[in-house]
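Today I am opening my notebook on a new structure.

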Amino acid sequence: MAIILFLILISLVIALGFLASFFWAVKSGQYEDDYTPSVRILFEDNQKPNKNTDL
Amino acid sequence: MLIEQQTAQSTPSQQVCKHCKEPLEQEPILFADHAFCCNGCQMVYEILHGNELEAYYEMDQQAGRHQRHRAAVDYAFLAEPNIVDQLVDFQEANRLKLTFLLPDIHCSSCIWLLEHLDRLQAGIISTRVHFLKKTVSVYIDTSLTSVRQVAELLDQIGYPPKLSLAGKNETKTNPANRRMALQVGVAGFVFGNIMLLSFPDYLGLQESGFQELFGALNLLLIFPAVVFSAQDYWRSAFTALKHRHLNIDVPIVLGIITLFGRSAYEIISRTGAGYLDSLAGLILFLLIGKWFQQKTYYYLSFERDYKSYFPLAVTQLLSDGSQQQKALDELEEGNRILIRNQQIIPADAILVKGEALIDYSFVSGESESVLKQSGDKLFAGGRQMGGSIEVDIIRKVSQSYLTQLWNDAAFKKKEKGQASQLADRFGTWFTRIILSIAALTMTFWLFVDPSVAANATTAVLIIACPCAIALSIPFTFGNVLRILSRNGLFLKNTHAIEAIQTMDTMVFDKTGTLTSAQQAKVRFIGEPLSTEQVVLIKSMVHQSSHPVSRQISEMLGKQTIILPDNFQEFPGKGIQGTIQGQTIQIGSADFIYRTRLPKREEAIKQPKGTYVKIGQMTIGYFKVQQSLRKGLSTLLLRFNKQFRLFLLSGDRNREQAIFEPFFEKGHLQFNQSPGDKLSFIRQLQDAGHQVLMFGDGLNDAGALKQADVGLVITEDINNFTPSCDGILEAKHFEQLPKFLDFTRLSRRLIYWSYGLALIYNIIGLSYAVQGLLSPLIAAILMPLSSVTIIAFGVISSSVLAWSMGLKKDDSDHFAV
């Protein structure tokens with residue numbers, strides 16, 4: 001049964017790790033803008049003028 | 001696919017401009033196999049084409065906006081280091097970061113183009129767009145480019161930055177939201193873990209050793225929630241108690257203390273598992289409610305003062321004849337400055353040279369522009385509608401007649417707090433009752449069975465914690481805020497909702513509020529125009545971007561357009577050109593008659609209007625009349641039944657008769673200065689009334705601030721609006737009675753939800769007073785009551801909105 005104690009403590013530590021990364025994410029301003037990234041992700045990378053040559 | 005593209009390109013008889021997609025009315029301008037409606041659009045395309053950025057047009061169908069009516073802006077003032085310093089976010093060595101406000105950002109193409117700005121100018125390292133705020137943060141290498149060049153580039157591609165005296169304040173971020181996010185995060189973390197550790201106790205499992213361990217862990221976990229997450233409640237409760245009154249946060253804090261105390265006792269003395277799961281849940285739900293109650297409008301600001309209306313800098317004329325850009329803050333008495341067409345007079349000044357035609361409508365409410373002569377005083381905030389003028393400053397910007405208004409105590413008084421009056425009154429009553437019940441319970445049990453006394457009393461205080469009650473207003477009114485904003489009325493916070501519910505008097509401004517320059521009617525006075533004359537006039541006014549020209553153009557509708565020869569525009573006076581051999585002049589009486597009536601005074605005696613002269617004959621004139629907003633009479637009649645109405649206008653009383661039917665005798669006042677309006681509101685309040693002020697311009701700023709609710713109406717939410725509690729989009733003006741009704745009716749929903757919450761409290765109390773409360777029951781009742789109240793609040797307000805015909809979705813606006 002000591003294993004339960006161990007598991008609980010580990011899960012708490014991991015949960016604390018997540019809390020810490022949440023703090024980091026908020027403090028580094030990742031939630032300042034929660035809309036533009038959704039648009040940005042759909043852009044194609046670096047369109048060069050020659051891309052239609054194969055058509 | 002390549003073949004299809006080529007075919008499309010070889011037929012330049014497309015119907016729309018390649019850039020702005022507007023129909024081509026006149027001879028299109030051709031460039032690179034595409035047609036454009038004007039030089040502006042063509043120039044933007046040229047820039048994009050030359051830098052292989054044509055993907056701009058593919059991402060969003062309506063990427064470009066028409067460039068025909070762009071004002072020419074001079075960014076020379078951005079070359080001054082001290083002006084740039086006011087705008088810069090970050091600066092060191094060769095690097096500089098700056099955020100521009102670009103009201104023209106409206107689609108994904110905009111984001112794409114602006115984030116590829118580095119392709120258009122060497123020295124731009126990176127750019128990042130915040131779409132909802134409509135800003136772009138630019139990171140540049142100052143050895144290769146400058147702030148001024150970036151601004152000019154943005155202007156050239158169709159995204160002119162909006163720069164005002166408010167400087168960085170226009171684009172700054174709000175740090176308070178971060179703290180709340182962290183608080184919610186911690187509360188959620190604590191709640192989740194404590195629930196997990198409390199499960200064995202719910203299921204009645206009794207493994208020795210683990211019980212103590214879980215209890216200890218719970219006790220450890222609850223600390224951050226109580227100390228950090230619940231901070232604001234402690235502060236609010238203690239402030240209230242210090243001032244010897246109660247609010248809704250006092251019983252909440254009482255509940256927190258009791259829950260914690262009793263649980264700590266039980267865990268340490270090993271007599272029980274405690275109620276820490278309920279406590280964690282309580283804190284989490286309260287914070288979520290607070291979060292929901294705050295509605296963030298990214299692009300709107302309810303805090304603007306005059307600084308957002310004024311430009312950053314003006315052109316100063318030095319004694320040696322040279323020009324220099326001077327920051328508005330640094331303007332001194334005696335400085336001579338140059339003001340061009342459409343520019344704003346920054347401070348009280350005396351006209352020295354040039355012809356001034358000043359539009360004061362936004363500043364004083366006067367609907368007609370005033371002609372001023374050399375030696376006349378000009379007031380800050382007016383807009384010059386003629387050619388360039390030179391003026392001598394007589395007062396600093398902050399001491400000018402208009403801006404002095406901001407020194408009034410009304411602007412100094414602390415922000416009307418976020419606290420809900422309704423909730424606080426209820427909280428006062430509620431606390432007293434709970435404390436009485438607790439006291440009664442204690443005395444009862446001390447007599448009957450002392451061992452139960454502590455248990456029962458603390459149980460009463462625990463179960464009575466007004467979690468559900470405290471959630472009612474945030475969720476119900478928070479939903480009301482959201483519904484209203486989808487329909488075109490943007491209220492600042494729930495406090496504005498409560499103020500609307502308790503008001504009894506409405507004060508209206510006239511110019512720009514009840515009347516609209518945009519909906520102005522244009523009439524032609526003279527012999528009826530022949531088709532040929534209409535075509536001639538339309539061809540002429542189509543070339544000019546002056547507001548009156550545009551109004552005439554719109555009134556004449558779609559006509560053939562012939563490009564005039566020798567077209568000339570004389571700012572503030574008129575336009576002139578030749579079509580098919582005939583010389584056409586359109587403009588003020590002064591402009592038309594100057595060859596026949598050399599004396600200026602005689603010209604002024606002619607009725608005011610925009611005259612049309614074709615060849616040698618003056619055929620008549622156009623008269624622009626301010627028109628009342630659509631639906632005004634219905635609206636005023638409706639409000640007349642519910643509230644006392646007043647009209648305060650800065651204009652002269654020429655059109656008094658139009659408004660008289662709607663207001664009681666003596667309730668109409670004209671020639672009101674901004675200070676007069678403020679005092680009037682104050683007088684009403686001193687007489688015990690709750691006042692709603694409805695205005696639009698800077699001249700209403702004082703009254704809006706002083707009133708219990710200040711509402712501003714605007715044609716375009718991109719425009720400047722003075723500090724207020726709510727912004728109404730002009731196109732939804734007719735629905736204002738419906739909006740106010742909805743807001744007022746939502747108060748009843750709160751009463752219902754309070755009733756519902758009390759039922760839960762009574763059920764819980766029945767267990768508590770008997771000493772039968774267990775952690776399990778508490779853990780069920782509290783979330784259950786909270787969820788019920790939340791659901792009731794949100795659903796009932798949505799149903800109410802739907803039954804009143806209010807819109808549910810965001811079809812009109814783009815995620816404000």
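**Entry 1: a hairpin in chain B**

I started with E7(B) and E8(B), which form a hairpin with five residues between them. In the turn, B:Gly321 has a positive phi of about 95°. The model I am reading is predicted, so I note that local features need pLDDT of at least 70 and side-chain atom pairs count only at pLDDT 80 or more, while totals for chains, interfaces and linings use all residues. Residues are numbered from 1 along each chain as its sequence is written, chains are lettered from A and ligands numbered from 1 in the order in which they are written, and side-chain values use heavy atoms, with hydrogens and water left out.

Strand E7 (residues 313-317) and strand E8 (residues 323-327) of chain B are antiparallel and joined by five bridges. Two strands count as paired if DSSP finds at least two bridges between them. Helices (H or I, at least four residues) and strands (E, at least two) are DSSP runs, numbered from the N terminus. I looked up one pair here: B:Gln316 has B:Gln324 in E8(B) as its bridge partner.

**Entry 2: the sheet of four strands**

Next I read an open, antiparallel sheet of chain B in the order E3-E4-E6-E5. Strand E3 (88-92) and E5 of chain B are its edges, each pairing on one side only. Neighbouring strands are turned by 15° against each other on average, direction ignored. For such angles, axes are lines fitted to C-alpha atoms (for helices over the stretch in contact), and angles run from 0 to 180 degrees between N-to-C directions.

Inside this sheet, strand E4 (residues 95-101) and strand E6 (residues 135-141) of chain B pair over seven bridges, antiparallel. There, B:Leu98 stands opposite B:Val138 in E6(B). I also jotted down a reminder: in a regular strand the side chains alternate between the two faces of the sheet.

Which strands does H5(B) lie across? I found E5 and E6 of chain B, with H5(B) running at about 160° to E5(B). Helix H6 (residues 147-156) of chain B packs on the sheet too, touching E4, E5 and E6 of chain B, and makes about 35° with the direction of E4(B).

E19(B) is joined to strand E20 (residues 574-579) of chain B by four bridges. B:Asp565 has B:Thr578 in E20(B) as its bridge partner.

**Entry 3: where the two chains meet**

How many residues does each chain bring to the contact? I noted 32 from chain B and 25 from chain A, where contact means heavy atoms within 4.5 Å. The buried area is about 2700 Å², with 68% from carbon and sulfur atoms. Buried area is the accessible area (1.4 Å probe) that two parts lose on being put together, summed over both. B:Arg178, B:Leu182 and B:Phe189 supply 22% of the area that chain B buries against chain A.

I found two salt bridges between the chains, each a side-chain nitrogen of Lys or Arg within 4 Å of a carboxyl oxygen of Asp or Glu. One of the salt bridges joins B:Glu115 and A:Arg40 (2.8 Å, N to O).
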